[in-house]
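Points are grouped by topic.

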Amino acid sequence: MGYHISGTQIRERQLEEHWRRLFTASSIFSTAAGCFLIGASITLYTDGKYQQYFNSTQHPLVYLLFFVSWLGALAGFLGVCIVTIHSYKLFYAMNIMLGLVTTAKLAGVCFTLVYRVKTLQGVTSQIEEHMTNYSSSVQVKWDLDNLQSSDNCCGAATPLDWSNDTLLKGTWNTSNLPDSCCMVIVPNCGENKANATVLGNLTQALHKKGCSEVLKEWFDLRIIVIGAIAGATTVGEAVMVAISTRWIRFIELYW
């Protein structure tokens, strides 16, 4: 008498295959997303743009992103291993990894909100320090001129910072703006322009935005990008957990 497979068993087998494929796909996604975030964190770490104004304060955020990315990639890899070698015990390790990832991301959100305020508070003072050393350091002059000309900004909070003798400590002629504050740079284009009347004249081709605002916008954009990517991967990991909880019932029956 041959072995008879009931219709119920066939359907159970089909469902097991369905959930296995979904789990495999979600595991591969988690692995790929984790590797992508590892690459993104390395790119952010090696990006030196504006670094002199932040004093490496963004690095802790990058370290956290790297740690979370590594755990996410490892959890996805464990998922692939579960499917490949049929190791039921690896489910525990994978769930631990996903739990750590979720905890780290929640901690990262709180840390970022607090750290952002601390970081941005120091940006204006860093630019002001560069302004104070503008006339005495060739490197500082080059950095600040490059910032003002390339990002269409002038001064720290406002172009009028160049008229603040208390800030500049007698190191600069406070009736002038650096030529890099001009929209079209020509020699001495900023002469006698550091006053509210001139800056309020819309016909004057001068940068009106303070550079601290530019740097804050740049920093916030990086946080938004990192948060968006981390959020997307979190959704993928949540789907992975949901699928695994459905699939595990079939594993207990057929493995």
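In this predicted model, I42 belongs to helix α1, which spans residues 7–46. Together with F66 and W70, I42 makes a nonpolar surface patch of about 310 Å². The chain holds eight helices and zero strands, and 41% of its 255 residues count as buried.

**Fold and surface patch**

- The elements of the chain run α-α-α-α-α-α-α-α from the N terminus on.
- I42 has a relative accessible area of 46% and is therefore partly exposed, the class lying between under 20% (buried) and over 50% (exposed).

**Helix α4**

- Helix α4 covers residues 90–132, a run of 43 residues.
- From its first C-alpha to its last, α4 reaches 59 Å, which is close to the 63 Å expected at 1.5 Å a residue.
- At Y115, α4 bends by about 25°.

**Disulfides**

- A search of the whole structure finds three disulfides.
- With bonded cysteines counted along the chain, the disulfides follow the pattern 1-6, 2-3, 4-5.
- C153 and C211 form a disulfide in which the sulfur atoms are 2.1 Å apart. This pair links distant parts of the chain, 58 residues apart: C153 lies in the loop between α5 (138–150) and α6 (165–168), and C211 lies in helix α8 (residues 211–254). The torsion about the S-S bond of C153 and C211 is about 90°, so this disulfide is right-handed. Both C153 and C211 are buried.
- C154 is joined to C181 by a disulfide with an S to S distance of 2.0 Å. This pair also links distant parts of the chain, with C154 in the loop between α5 and α6 and C181 in the loop between α6 and α7 (196–200), 27 residues apart. Because the torsion about the S-S bond of C154 and C181 is about 85°, the disulfide is right-handed. C154 and C181 are buried.
- C182 and C189 form a disulfide with their sulfur atoms 2.2 Å apart. The torsion about the S-S bond of C182 and C189 is about 115°, so this disulfide is right-handed. Both C182 and C189 are buried.

**Accessibility of C35 and C81**

- C35 has a relative accessibility of 46% and therefore counts as partly exposed.
- C81 has a relative accessible area of 18% and is therefore buried, since the cut-off for buried is under 20%.

**Salt bridges**

- A search of the whole structure finds two salt bridges.
- K141 forms a salt bridge with D145, and the closest N and O atoms of the pair are 3.0 Å apart.
- K141 and D145 are four residues apart in helix α5, so about one helical turn separates them. An α-helix has 3.6 residues a turn, so residues three or four places apart point the same way.
- E217 and K209 meet through their side chains in a salt bridge, with an N to O distance of 3.9 Å.
- E217 counts as partly exposed at 42% relative accessibility, and K209 is partly exposed with a relative accessible area of 33%.

- D179 is placed in the loop between α6 and α7.
- At 25% relative accessibility, D179 counts as partly exposed.
- The C-alpha atoms of D179 and G190 are separated by 4.9 Å, while the two residues are 11 residues apart along the chain.

Definitions and conventions:
Residues are numbered from 1 along each chain as its sequence is written. This is a predicted model: local features need pLDDT of at least 70, side-chain atom pairs count only at pLDDT 80 or more; totals for chains, interfaces and linings use all residues. Side-chain values use heavy atoms; hydrogens and water are left out. Helices (H or I, at least four residues) and strands (E, at least two) are DSSP runs, numbered from the N terminus. The expected span of a helix is 1.5 Å times one less than its number of residues. The bend at a residue is the angle between axes fitted to the seven residues ending there and the seven starting there. Patches are made of residues with over 30% relative accessible area and no salt bridge: like charges are joined within 9 Å, nonpolar side chains (Val, Leu, Ile, Met, Phe, Trp, Tyr) within 5 Å. Accessible areas come from the Shrake-Rupley method with a 1.4 Å probe; for residues, only the protein chains shown count as cover. A salt bridge is a side-chain nitrogen of Lys or Arg within 4 Å of a carboxyl oxygen of Asp or Glu. Buried means under 20% relative accessible area, exposed over 50%, partly exposed in between (1.4 Å probe, protein chains only). A disulfide is a pair of cysteine sulfur atoms within 2.5 Å.
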